[in-house]
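Q: Hi, I have a structure open and want to get my bearings. Can we walk through it together?
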Amino acid sequence: MYSVNYHRAASVADAAKLAKGEAKLVSGGMTLIPAMKTRLAAPSDLVDISRIDALKGIKVSGKTVTIGAATTHYEVATSDKLAKACPALSHLAAMIGDPAVRHRGTIGGSIANNDPAADYPSAMLALGATIVTNKRQIAADKFFKGLFETALKDGEIVTAVTFSAPAKAAYEKFRNPASRYAIVGVFVAKGADGARVAVTGAGDDGVFRSRELEAALAKQFDAAALASAKVPAKALMSDMHASADYRAHLIVVMARRAVAAANA
Amino acid sequence: MSEVSLTVNGRRVSASVEDRTLLVHFLREHIGLTGTHVGCDTSQCGACVVHVDGKAMKSCSMLAAQASGSDVVTIEGLTDGGDLHPVQAAFKEHHGLQCGFCTPGMIMTTVDMIARHPEGLDEATVRAELEGNICRCTGYHNIVKAVLAASKTMSKVSKGKTKKAA
Amino acid sequence: MGIEGVGARVSRKEDKRFITGSGRYVDDMVVPGMKHAMFVRSPHAHAQIKKIEVKAAQAMPGVIGVLTGKELKADGIGNLICGWMIHSKDGSPMKMGAWSPLAVDKVRYVGDAVVIVVADTKAQARDAAEAVEITYKELRAVTDASKAMDKGAPQIHPEAENNLIFDWDIGNADETAAAFKKAAHVVKMDVINNRLVPNAMEPRAALGHYDKAEDHYTCWTTSQNPHVARLVMSAFYNVAPENKLRVIAPDVGGGFGSKIYIYPEELVCLWASKKTGVPVKWVADRTESFLTDAHGRDHHTHAEMAFDKDHKILGFKVETKANLGAYMSLFSSATPTYLYATLLSGQYDIPAIHANVKAIYTNTAPVDAYRGAGRPEAAYLVERMMEVSARQFGVSPAELRRKNFIKAFPHQTPVIMCYDAGDFATSLDTAMKAADYAGFEKRREKAKKDGKLRGMGFSCYIEACGIAPSAAVGSLGAGVGLWESAEVRVNAVGTIEVLTGSHSHGQGHETTFAQLVAERLSVPLDSISIVHGDTDKVQMGMGTYGSRSGAVGMSAIVKALDKVEAKAKKIAAHLMEADEADIVIENGALKVAGTDKNVPWFQMALAAYTAHNLPGGMEPGLKETAFYDPANFTFPAGCYICEVEIDPDTGQTDIVQFVAADDFGNIINPMIVEGQVHGGVTQGIGQAILEGANYDASGQLLTASYMDYTMPRAGDVPSYKLSTSNTPSPSNPLGIKGCGEAGAIGAPPAVINAITDAIGTENLTMPATPQKVWAAIRSAKH
């Protein structure tokens, strides 16, 4: 790791002030710290927002779910309130990394980093979530911009995510055997505006919604509706663990399983 | 430089360290607790697992400065110098270790796992929960046995305590 | 057997320190004034070094020294060597290219060490390493051994034309050709044995300390054989004469072969300590381990087996290309020759065998022995061949094997080995029963209903362990003898220290060796300490690898114990005025058989040291030494059955059952033996479905961290069903065969035979990842 200056922010406003230039925000640091260790990331300063109480916690009021950015995967996975409102998201959180990673990693960190193999971005897209920052609210559809790219501007900090609990939802993931990140992760949701299917781990340009699968499910939210569905391999990643063709195939398989699980 | 101040195994320790110092290096090099190991660079092997504020975490993936103010327990602090912790005893009894390098992390992960599963554990759950700990020697067979045995022992102990308290 | 003696499931004496965090590994060692090293390594697979500029690095904060290969050469430090001479079939010696510990003119693989930087902290050393400027002229690289001999392939070492190190033969070509002429069936196959990275959880490390006042060196290193390290560093690398070099291998976190070899880093740290005047510590990070630890396997093989009309094997023809990487590691030449081709007879009566092995340089990490070393390659080839042949003939794989089993011992194979004991049919029967072979078709049907493909695969492996005797291995080219040493010291109060040349890095010697002594001398386990891993304490030893520590290391202890027992009996007989032939050792005392006269063990020991009343002419004290050189190899063997269930939608393989029925000869501690099998089988499953080192065409290692190299995790493997049915080895006094490598040898073919059975095509290479299995299923359908 290169030299770095560490700051612990007392508040969001404090963090915004410190997060200038080559500084980076750190919450759980489950991606950033390893990247710094291998010297792939070299921020001048680290602004730690993990201990800001205002960024923590899960609220459910009526159908509206709000999760603070510094809420850990473990807290999301084990929240009773969330297990009732949107068990698919609890299930997703319980599948991230390993127990030690879940104790530290946060939902805000995951979506702000927008790793193409991260799990949460697919949920945000499929749930039609809104990303709340210290400056504005951004629809998930407009938030994820490509590999490690988001709509966040300098000094802008994710403070929470919020969404309306879907009628049905589920997440299925096929892991890279080595890294255990998603080779393909598919989040399906049936909400007020119909069926939404978001795919992580597979897209050349990061997380995306599968219009083909959404169209197939629009008529009937049932695994059978995907029996002959196909997803084009063209815009998918290809690496030694999974070719684009294999990923295209797995997207349909995982989608089918997710729909079956959502209906179960 | 950061002034890092935390409680390690019940003792207050503080030191001025480079901000880039990882918690694992703080523990190993600044306060001489070498039971916590480093086995990889990518937060996957789990040899470095310690408890921070009561939860298992990978000490290779956080800065000492991030842990400042926290309560840290390492393998050296699982017991107060007395008998073995039931998890340590189970690893010994069931031959859940060979070269010993991954063992501290395995044990710290197991203690945390058992605490999160008061309802008890089955083999599939144990294997899934060990996702973040790699062992090259044992093939996991005896580790799984040890974890299940320790979980049983500890639930008996805690039930006994509850009874007494009642 | 007592509760602590031979055959007992004693929990391990060494565990306490490991479970409490008190183990002492090299990275835990601190020497006053110690500084930290970082190696600057080649980013290129093949390049000329045009210029090395170190000034900027030297000026960085905390930097103490930046040293190059030129300085190392100027100080007379020698090149690294391969210690086993192999001659090609034309009689010419193998073509070993020069391996400088720090590259001088040329780098030959990504990770080749070029410069060492020593600084106050590891982070500073790393900062400064980035400031070393090396100008390279890149050369074309070749990583695939099957292409490295092609016309126009880049030439890696001037010594080895066409990158061919040797072209070696074993067996009888004419007899084999004649056998094929008589054949009713010939089965042909091409097999790739994938390249693996050993991945001991403790990364390699070294701490070199030169004491100027004493002109003496100490090296703490992650070694499986510290004495061999001292010998090689003294005799070949000119670091220091043996009396001025102490090598200590303290607690070592796994080895699996990768810590046998003497690598550049330990000797460069020793040399750098003298150059800089400070103790120098280097600890590999995981990516360095991936890049520079000796890798394992990497064979391309074409094989043909001839059968008569009744499916009896007539002959076996094998051609193998073995990738040895960019340099010849310490025992790299022995692995694809005498540890591989000598096992090509498997468990079968094969009248004629001929094998040719070409060892080839490539621009990849050096390849050497990794758990099993040559024998997994042989077992995979033979056991795939048996399974595929059975499928082609439409007969049961178990019965084809049974028909061809060797049934009488000793049995001389056509490839050097003389199997001295075994009972292959019993292992097969035991495994089939444990696996509920009879119920398999029902299970397959049920899986089919659930949309899953279920398959079963066999593997009847044999291996050769405890490589010996020394004169024989010497005649085959070994540069060392393969005996072992032991010293048994009985203290004046009767407690015992056993000094052994074996090295324990997970195997539990501190317990099993003590069990042997407790059994023989009738003393409590707690009164026995095992000392190993330090050249100042133990005079000489050959270390631990090749499943040799039981068969060879413990046999040396037996020999020393024989002498201790004889002297102890003489003393006791003298004290009790009895005939020494009547003395027996029981319950902590030396007794006159059939009487109640006895001398407690500790009293006899005290008498040996007070020396007030010893038999006439007897020297005081009680300490005996022995060197043991075995009469033959040992031949562990067994039958493994693997059952898999495959999700055809994803290609995911689930190992639903794994049965091992082994013959290890006599067993000292069944708990520890089972642990060895669990670990070995898991590495074998890893090779079959998870692990593979993958270089791209330019020589970059794509699998250089756990993000891309799949280590077996708890969720990837099942709990195992183990059993043993043992025929004692006649070649050592304990009847031990060895158990450390069996799992890694026997498991891969069982797994691949099961998967190919499930998916109905043989067209599959290891590791059989979900992607590959899915693709194989699809191609079989079309």
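Predicted model: local features only at pLDDT ≥ 70, side-chain atom pairs only at ≥ 80, totals over all residues.

Q: What radius of gyration does chain B have, and what would a compact globule have?
A: Chain B has 16 Å. A compact globule with 166 residues would have a radius of gyration near 15 Å, so the value for chain B agrees with that.

Q: And what does the C-alpha trace of chain B span along its principal axes?
A: About 45 × 40 × 25 Å.

Q: What percentage of chain B counts as buried?
A: Of its 166 residues, 63% count as buried.

Q: OK, domains. How is chain B divided?
A: Into domain 1, residues 2–77, and domain 2, residues 86–160. The C-alpha centres of these two domains of chain B lie 22 Å apart.

Q: How many residues are in contact between domain 1 and domain 2 of chain B?
A: On the domain 1 side, 15 residues, and on the domain 2 side, 11 residues.

Q: Which element gives the largest share of the domain 1 side that touches domain 2 in chain B?
A: That is β3(B), with 3 residues. Both β3 (49–52) and β4 (55–58) of chain B supply at least two residues each to that side.

Q: How do the residues of that side of domain 1 of chain B divide into nonpolar, polar and charged?
A: There are 7 nonpolar, 7 polar and 1 charged.

Q: Switching topic. How many residues are in contact between chain C and chain B?
A: Chain C brings 42 residues and chain B brings 43.

Q: Which element of chain C gives the most to the side that touches chain B?
A: α18(C), with 7 residues. The elements that give two or more residues to that side are α1 (15–19), α9 (286–292) and α18 (670–690) of chain C.

Q: What about nonpolar, polar and charged on that side of chain C?
A: The residues divide into 16 nonpolar, 18 polar and 8 charged.

Q: Last topic: in what order do the 3 strands of the open sheet in chain C come?
A: The order is β4-β2-β6, and the pairing is antiparallel. The edge strands are β4 (106–107) and β6 (133–138) of chain C, and each pairs on one side only.

Q: How many bridges join β2 and β4 of chain C?
A: Strand β2 (residues 47–53) of chain C pairs with β4(C) over 2 bridges. To see where, look for C:Gln48, which stands opposite C:Lys106 in β4(C).

Key: Residues numbered from 1 in each chain as written. Chains lettered and ligands numbered in written order. Domains from an automatic or database assignment. Contact = placed C-beta atoms within 7 Å. Helix = DSSP H or I, 4+ residues; strand = E, 2+ residues; numbered from the N terminus. Nonpolar A, V, L, I, M, F, W, Y, C, P; charged D, E, K, R; others polar. Pairing = 2+ DSSP bridges. Rg over C-alpha atoms; globule rule 2.2 N^0.38 Å. Buried ≥ 20, exposed ≤ 12 C-beta atoms within 10 Å, placed from the backbone.
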